[in-house]
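Here are a few friendly notes to read alongside the model. Have the structure open as you go through them.

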Amino acid sequence: MIYDFIVVGHGLAGAILAETLRSRGNKVLVIDEPKANSASRVAAGLLNPVAGKRFAKSWLADMFVPAADAFYDALESRFGKELFFHKPIYKIFSTIEEQNTWMAKSAGDAFNDYISATYTQTINQPGIEDPFGGIMIEKGGFLHVYEMLDLLTEDLLQQNLMLPERFEMKELELTEEGVNYKTIKAKHLVFCEGYQVIHNPYFAWLPLQPTKGEVLEVQTEQNFSPECIYNKGVYVVPEGAGRFIIGATYDWRNPDEEITELAAGELSEKFRQITTKEFEVTGHWAGIRPAVRDRKPLAGTHPNYKQLSVFNGMGSKGVLMAPYLSQHFADALAGQTELMPDIHISRYFSLYYDYIKHQNLQL
C-alpha cells in the first residue's frame with residue numbers, strides 16, 4: 001500500500017493532524033514511540049482565550065475557539081466519551097495595579113464574547129484568596145489530552161495504521177514519488193515530533209526552544225468550587241472530589257524530564273496564594289514543550305525537499321490552536337490554500353540557508 005501521508009509523532013499536534021487528514025479520506029500511517037511522560041500526556045490541556053498578565057486575547061481566538069469546540073465535540077460523539085470540559089476561568093487579580101490595568105484594557109468591545117463578569121473586590125467564595133477580585137473568562141476549559149491520545153492510538157492500532165516504534169531517520173529515503181521508509185511508501189511525510197525536532201537533520205535549523213514544564217496533582221482537605229478553573233500565576237484545574245492539577249512552570253535552562261523539588265515548591269507556594277485550604281501533593285510530572293521564539297507555530301514544507309513538512313511549535317497552546325491549524329495545514333497540503341505567513345516556516349528560511357552554509361563549511 002502507498003500511503004498519502006506518514007505522520008511522525010503522535011502527541012497533541014500529530015494526533016489532531018493525523019485525525020484531520022484521515023477524516024478527509026487520506027491514507028495515513030502514524031509512527032510514534034509510546035512515551036508516558038511526553039509533554040502532551042502530562043499537560044492539563046488548558047484552553048484559555050484570554051491569557052497573560054497583560055490580559056491579551058489569545059491570537060486568533062475568534063477562529064481557534066469554535067474550531068476546537070467542533071473538533072472535540074466530534075471526537076466525543078465518535079468515541080462516546082467526554083474529553084473536553086467547558087469551564088469558565090476565574091483570573092484573579094494579584095494587585096490593585098493589575099485590576100487597574102484590566103479596567104483600562106476592557107474599555108473597548110474586543111473582550112465582549114469572552115468576559116462574563118469583572119469583580120473589583122472578593123467574590124467571597126470559600127477557600128479562595130482574591131482580595132482584589134478578578135475576571136470570569138468564558139469559552140475556556142480543559143481537555144483530557146492523555147485520554148484523547150489513548151483513544152486515537154487504540155483506533156490506529158486496531159486498523160494497523162500505527163507503528164509504535166522510534167522513527168529511524170537513517171531508514172528514510174526521499175524519492176521522486178515521495179518517501180520510502182523501510183518497506184513503506186508514502187507521497188508525503190510530516191514531522192510532528194515536538195521538541196525532538198531539534199535532532200531532525202531536515203528541520204534542526206528551526207528556532208525551537210525546548211522548555212520544561214512541571215505540574216502537580218493535589219488533593220484538598222475539602223472540595224472548594226469545581227465549577228471553574230482558577231488562574232493566578234498558575235492554573236488550577238478541577239478534576240473532581242477535591243483533586244486539582246496545578247501548573248505549570250517554564251524552564252528553558254534545564255530541558256530534561258526530571259521532576260524537581262524547586263518546581264514543586266514554586267507551584268505549591270503559588271497555589272497557597274489562591275486558596276486557604278490545606279492540601280496534599282499526590283502527583284508530580286514533567287514534560288518538555290516545543291516553544292518558538294516568536295510564540296507562533298511552525299508549519300510548512302521544507303524549502304528543498306517537497307516530500308517533507310513540519311507541524312510543530314504550539315507550546316502550551318496546542319489544545320486551542322491545533323484543531324483549526326490542522327484543518328488549515330491540511331488545506332495547504334492539498335493545494336487548496338496558502339499557509340498563513342504567521343505560521344509558515346518560510347519566515348525562518350534565512351536560518352536554513354545559514355545552517356546549510358555552516359554544514360558545508362564543516363564538510
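**Notes on a sheet and its helices**

1. Glu217 has Ile245 in E18 as its bridge partner. Strand E15 (residues 208-220) and strand E18 (residues 243-247) pair antiparallel over five bridges; pairing takes at least two DSSP bridges between two strands. Strands (E, at least two residues) and helices (H or I, at least four) are DSSP runs, numbered from the N terminus.

2. A word on the source: this is a predicted model, where local features need pLDDT of at least 70 and side-chain atom pairs count only at pLDDT 80 or more, while totals for chains, interfaces and linings use all residues. Residues are numbered from 1 along each chain as its sequence is written, and side-chain values use heavy atoms, leaving out hydrogens and water.

3. The open sheet has eight strands in the order E8-E9-E7-E16-E17-E18-E15-E19, with mixed pairing. At its edges are strand E8 (115-119) and strand E19 (279-292), each pairing on one side only.

4. Helix H6 (residues 261-272) lies across E15, strand E17 (235-240), E18 and E19, at about 55° to E15. Angles run from 0 to 180 degrees between N-to-C directions, with axes fitted to C-alpha atoms, for helices over the stretch in contact (heavy atoms within 4.5 Å).

5. Which residues of H6 are buried? They are Ala263, Ala264, Leu267, Ser268 and Phe271 (under 20% relative accessible area, with exposed over 50% and partly exposed in between; 1.4 Å probe, protein chains only). They sit on the same side of H6 because they cover an arc of only 130° around the axis, taken from the directions from the helix axis to the C-beta atoms. Their cover includes E15, E17, E18 and E19. Exposed Glu261 and Leu262 are on the face turned away from the buried side of H6.
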